[in-house]
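This report concerns one protein structure and the way parts of its chain are arranged. Please examine the sequence and the structure shown below before reading on.

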Amino acid sequence: ENDGNGNYTTLKQKNIDTGMGLERLAVVVQDVDSIFDVDTICSLRNLVSKISGKPYGVHHEDDVSIRLITDHIRSATFMISDGIMPTNEGRGYVLRRLIRRAARHGRLLGIEGNFLATLSAEVIDGSKDGYPELEEKKEFIFNVLTFFHSICKTATQLPGWLCFEVAICDLYQHYSTLFCISRFFCSAIFS
């Protein structure tokens, strides 16, 4: 503490939170321009570029989508690992929006099919040493992302109630083990 005269007393707890965050510190240490150039995030960004066939750093609009997908899939992977499900309230709503925006920007880049689980695998691979629960829950994370991404994709192709019916029937055929969690998503479809 400063007494006003430039004299400081020793704090009881000498820990200081700079608010810098691990990624910001890595930007400084690795001497790069953004968190998307840090080695741990760059591999995910490069995978998004590879899947989309769009090189990073060429077109601004593509770069925005690549960075958005990179950021959102990291957040979504950790949120699902923490037990948050896509819903229409609170944290679940935030997760739902992250997945939908990532899926939408994937379509803007021309990515076809369910790509979010593939990207999530890269997140898990890069973070499992520090967060072993990601590896333990990876199949669940992949299933939730695949299920909800399929619903997002179907919802953009068909009108109203029909998209829900088709999505459930299609997903039940392919992911019958996930059918039990469909109740979590019903509210997300109709909100």
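## A residue in a loop

Where is Ile84 found? In this predicted model, Ile84 lies in the loop between H3 and helix H4, the latter formed by residues 90-108. Ile84 has a relative accessible area of 9%; because buried means under 20%, Ile84 is classed as buried.

When its neighbours within four places in sequence are left aside, Ile84 is in contact with Met79, Arg91, Gly92 and Leu95. Between Ile84 and Leu95 there are 7.6 Å from C-alpha to C-alpha, and the two are 11 residues apart in sequence.

## Helix H2

Helix H2 covers residues 39-52. The helix has 14 residues, and the span from its first C-alpha to its last is 20 Å, close to the 20 Å expected at 1.5 Å a residue. Gly53 follows H2 and has a positive phi, near 75°.

Which residues of H2 are buried? They are Ile41, Cys42, Leu44, Arg45, Leu47, Val48, Ser49 and Ser52.

## The crossing of H2 and H3

Two packed helices are described by the angle between their axes and by the distance between those axes. For H2 and helix H3 (residues 60-81), the axes come within 9 Å and cross at roughly 120°. That angle makes H2 oblique to H3. The crossing of the two helices, H2 and H3, is right-handed.

Which residues meet where H2 and H3 are in contact? From H2 come Ile41, Leu44, Arg45, Val48 and Ser49, and from H3 come Ile66, Ile69, Thr70, Ile73 and Arg74. By type, the residues of this contact divide into six nonpolar, two polar and two charged.

## His72 in helix H3

His72 has its place in helix H3. Is His72 buried or exposed? His72 counts as buried, because its relative accessibility is 7%.

With its neighbours within four places in sequence left aside, His72 is in contact with Leu98, Arg101 and Ala102.

Notes:
Residues numbered from 1 in each chain as written. Predicted model: local features only at pLDDT ≥ 70, side-chain atom pairs only at ≥ 80, totals over all residues. Heavy atoms only, no water. Axes fitted to C-alpha atoms, helices over the stretch in contact; angles between N-to-C directions. Helix = DSSP H or I, 4+ residues; strand = E, 2+ residues; numbered from the N terminus. Parallel < 35°, antiparallel > 145°, perpendicular 65-115°, else oblique. Left-handed = near helix turned anticlockwise from the far one by under 90°. Contact = heavy atoms within 4.5 Å. Nonpolar A, V, L, I, M, F, W, Y, C, P; charged D, E, K, R; others polar. Buried < 20%, exposed > 50% of the residue type's maximum accessible area, 1.4 Å probe, protein only. Expected span 1.5 Å × (residues − 1).
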